[in-house]
Amino acid sequence: MTKWTALAGPATLGLVLAGPAWADLTAMQVWDSWRGQIESMGMTVEAETEADGDTLRLTNMVASMGVPETEGAVTARIDELTFTERSDGTVAITLSPSLTVDADLTNSDSGERAQMAMRVTQTRYS
């Protein structure tokens with residue numbers, strides 16, 4: 001059961017990233033909303049950010065979380081995520097062609113270890 005619970009955070013992260021289109025918002029507002037949703041799942045989020053006019057570019061984004069009853073963590077990585085404000089009030093979102101999710105967990109009671117490495121790829125996500 002714990003193994004599946006550990007994977008729920010990154011799976012939900014995927015759903016957040018595939019979320020609804022936004023209207024009449026800035027690039028920073030959309031990113032703040034995404035980050036808030038990710039953090040509300042108990043994950044920490046780190047990324048290098050660069051704002052240039054109507055574009056917010058995040059690089060080396062890492063979302064991770066510890067998993068109760070285990071020693072270890074689940075970590076998702078995205079190389080680049082770009083939010084670009086459009087003249088019609090919408091924000092275009094572009095992700096790297098792939099993201100990775102890694103888990104390395106050891107059950108605190110039994111010592112049983114579970115490891116996972118996953119790469120998710122997509123095309124034309126913008």
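I take contact to mean heavy atoms within 4.5 Å. The model I examined is predicted.

**Entry 1: T100**

With that cut-off I looked up the neighbours of T100, leaving out residues up to four places away in sequence. T100 touches T75, A76, R77, M118 and R119. I located T100 in strand β5, which spans residues 98-107.

**Entry 2: the chain as a whole**

I went through the elements from the N terminus and noted the order α-α-β-β-β-β-β-β. For the accessible surface I recorded about 7500 Å², with 50% belonging to carbon and sulfur atoms. I also checked the contacts between residues at least 6 apart in sequence, and 49% of these join residues at least 24 apart.

**Entry 3: helix α2**

I turned next to α2, which covers residues 27-40 and has 14 residues. From its first C-alpha to its last it reaches 20 Å, close to the 20 Å expected at 1.5 Å a residue. Which residues of α2 are buried? I listed A27, V30, W31, W34 and I38. Viewed down the axis of α2, these buried residues fall within an arc of 95°, so they line one face of the helix. I recalled the general rule that an α-helix has 3.6 residues a turn, so residues three or four places apart point the same way. After α2 I noted G42, which has a positive phi near 90°.

**Entry 4: strands β3 and β4**

I looked up how β3, residues 70-85, pairs with β4. The two strands run in the antiparallel sense over five bridges. Within this pairing, T84 has A92 of β4 as its bridge partner. β3 and β4 form a hairpin with five residues between them. In the turn, I found that G89 has a positive phi of about 90°. Why do I describe β4 as largely enclosed by the rest of the structure? Four of the five residues of β4, residues 91-95, are buried, so the description holds.

**Entry 5: D52**

I placed D52 in strand β1, residues 44-52. At 55% relative accessibility, D52 counts as exposed, because the cut-off for exposed is over 50%. Lastly, I looked up the separation of D52 and T84, which are 32 residues apart in sequence. Their C-alpha atoms are 9.6 Å apart in space.

Definitions and conventions:
Residues numbered from 1 in each chain as written. Predicted model: local features only at pLDDT ≥ 70, side-chain atom pairs only at ≥ 80, totals over all residues. Heavy atoms only, no water. Buried < 20%, exposed > 50% of the residue type's maximum accessible area, 1.4 Å probe, protein only. Areas by Shrake-Rupley, 256 points an atom, 1.4 Å probe, with all protein chains shown as cover. Expected span 1.5 Å × (residues − 1). Arc of directions from axis to C-beta. Pairing = 2+ DSSP bridges.
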